[in-house]
Amino acid sequence: MSKKLRHLLGISGGKDSAALAMYLHNKYPELYIEYYFCDTGKELDETYNFLNELQAYLGKEIIRLRAAKNSHKDPFDYFLSKYDNFLPSANARWCTKNLKLEPFEEFVGNDAAISYVAIRGDEKREGYISTKPNIQSIFPFRRNIWSMEILNKVLHNENIKRIAEIYKNMAPKEKTERILEVVLEPKSEKNPFSKKLNLLLDLGISIFNHVVFEFLKNTNYPLALAENFPLVSNEDVFFIDDIFGLFKKYGVSIPKYYNEVEFEVDGKKGKYSRSRSGCYFCFFQQKIEWIWLYEQHANLFKKAMKYEKNGYTWNEDESLADIIKPERIQKIKEDYLRKSKNNATALKSDKLIDILADDTVLSCVNCFI
Ligand code: SF4
């Protein structure tokens with residue numbers, strides 16, 4: 001393993017990045033991984049407690065990165081003042097940029113680094129792909145561990161000959177003919193990128209990974225600095241249930257904010273929780289999560305309300321003062337009960353965490369994985 005290459009894993013305070021940390025820690029103890037957490041100063045106590053527990057399990061510091069280090073204010077409050085109290089939103093996400101991405105990129109500097117990202121095999125999102133050429137993302141929980149940028153290069157028609165040559169040296173004899181057939185057929189409308197990629201993965205995930213690793217040796221990507229990379233032989237794929245399995249296997253509890261709490265509305269019973277880590281006032285949370293915050297962490301809800309001034313609100317369509325009117329709470333709970341029933345059928349899962357973390361709901365991968 002090259003000493004010049006850093007291995008980094010961002011802990012968000014959520015279950016997936018924690019599971020990835022535990023998994024890599026156990027499966028690849030030879031990787032010297034630096035764990036970090038970008039602290040906005042506005043996470044739930046449950047998240048901070050969980051970080052301490054995880055750190056104890058890993059036996060290694062989770063480095064806390066804070067933006068605006070020299071300010072006496074929390075990083076979020078410091079930038080809020082700079083933005084004239086203009087609250088961030090899905091369309092103006094200055095918080096992610098200033099509080100998560102920039103501290104991370106400063107931490108890496110100009111070092112060549114692999115950034116391990118905990119996107120699961122059942123998720124469609126791609127995650128944070130650094131625009132900095134010295135940072136390369138790897139996705140160990142997916143069947144395809146490579147970023148789109150790398151795959152576009154590997155499967156580009158102009159690299160067909162090079163990839164075929166590498167495969168000839170690496171593919172098992174019984175598969176070579178079929179693999180070369182797939183490799184040599186150029187990408188086209190009839191043979192799109194996704195089809196070609198899936199066929200090659202079907203013919204052997206580990207062989208494909210070894211081929212990509214070999215291809216990268218003649219590039220400027222960070223992984224070119226590694227003499228070997230154990231993850232190329234890994235064929236594990238993790239879906240949501242497997243993540244809970246990892247927590248069980250390693251004897252670590254999931255963050256407490258995931259714990260389901262019962263509520264009753266109009267004689268009907270339901271359960272709610274928070275579905276993700278992140279700031280307690282995050283604008284990505286669903287209405288039912290705001291009600292959870294109001295009923296389970298009234299002090300934090302009040303603090304979130306104080307940020308709403310000069311016409312700025314966390315939700316586009318209503319203020320927090322409106323959300324907690326009794327008739328509105330009742331409506332949100334009823335809508336949520338109806339939606340959870342429909343989602344449970346569509347997602348074939350009755351786990352609250354699946355229902356609340358519905359992928360169709362906008363979210364921020366840098367904060368929640
Ligand atoms: S958790 Fe939400 S509010 Fe906090 S930095 Fe991330 S996107 Fe912004």
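The axes of helix H1 (residues 15-27) and helix H10 (residues 240-250) come within 9 Å and cross at roughly 55 degrees. Axes here are lines fitted to C-alpha atoms, for helices over the stretch in contact, and angles run from 0 to 180 degrees between N-to-C directions. H1 and H10 are therefore oblique to each other; angles under 35 degrees count as roughly parallel, over 145 as roughly antiparallel, 65 to 115 as roughly perpendicular and the rest as oblique. Their crossing is left-handed, a term used if the near helix is turned anticlockwise from the far one by less than a right angle, with right-handed used if clockwise. On the H1 side the contact is made by Lys15, Asp16, Ala19, Met22, Tyr23 and Asn26, and on the H10 side by Ile243, Leu246, Phe247 and Tyr250. Two residues are in contact if their C-beta atoms, placed from the backbone, lie within 7 Å. The residues of this contact divide into seven nonpolar, one polar and two charged. Ala, Val, Leu, Ile, Met, Phe, Trp, Tyr, Cys and Pro count as nonpolar, Asp, Glu, Lys and Arg as charged, and the others, Gly among them, as polar.

This is a predicted model: local features need pLDDT of at least 70, side-chain atom pairs count only at pLDDT 80 or more, and totals for chains, interfaces and linings use all residues. Residues are numbered from 1 along each chain as its sequence is written. Helices (H or I, at least four residues) and strands (E, at least two) are DSSP runs, numbered from the N terminus.

Another helix pair is H3 (residues 75-82) and H4 (residues 94-108), which pack at an angle of about 135 degrees with their axes 10 Å apart. That angle makes H3 oblique to H4. H3 passes H4 in a right-handed crossing. H3 contributes Pro75, Phe76 and Phe79 to the contact, and H4 contributes Trp94, Cys95, Asn98 and Leu99. By class, the contact of H3 with H4 has six nonpolar residues, one polar and no charged.

H4 also lies across strands S1 (5-10), S2, S3, S4 and S5, running at about 145 degrees to S2. These strands form an open sheet of five in the order S3-S2-S1-S4-S5, with parallel pairing; two strands pair if DSSP finds at least two bridges between them. Strand S3 (62-66) and strand S5 (135-138) are the edge strands, each pairing on one side only. From one strand to the next, the twist averages 35 degrees. Strand S2 (residues 33-39) runs parallel to S3 and is joined to S3 by five bridges. Asp39 stands opposite Arg66 in S3.

Strand S6 (residues 261-265) is joined by five bridges to strand S7 (residues 268-272). Glu264 has Lys269 in S7 as its bridge partner. The hairpin of S6 and S7 has two residues between the strands, and Asp266 there takes a positive phi near 50 degrees.

On the scale of the chain, the domain assignment gives domain 1 (5-147 + 233-250), domain 2 (151-225) and domain 3 (256-368). Such bounds come from an automatic or database domain assignment. The centres of domain 1 and domain 2, taken over C-alpha atoms, are separated by 30 Å. Between them, 13 residues of domain 1 are in contact with twelve residues of domain 2. Strand S4 (residues 112-116) gives the most to the side of domain 1 that touches domain 2, with three residues. That side has seven nonpolar, four polar and two charged residues.
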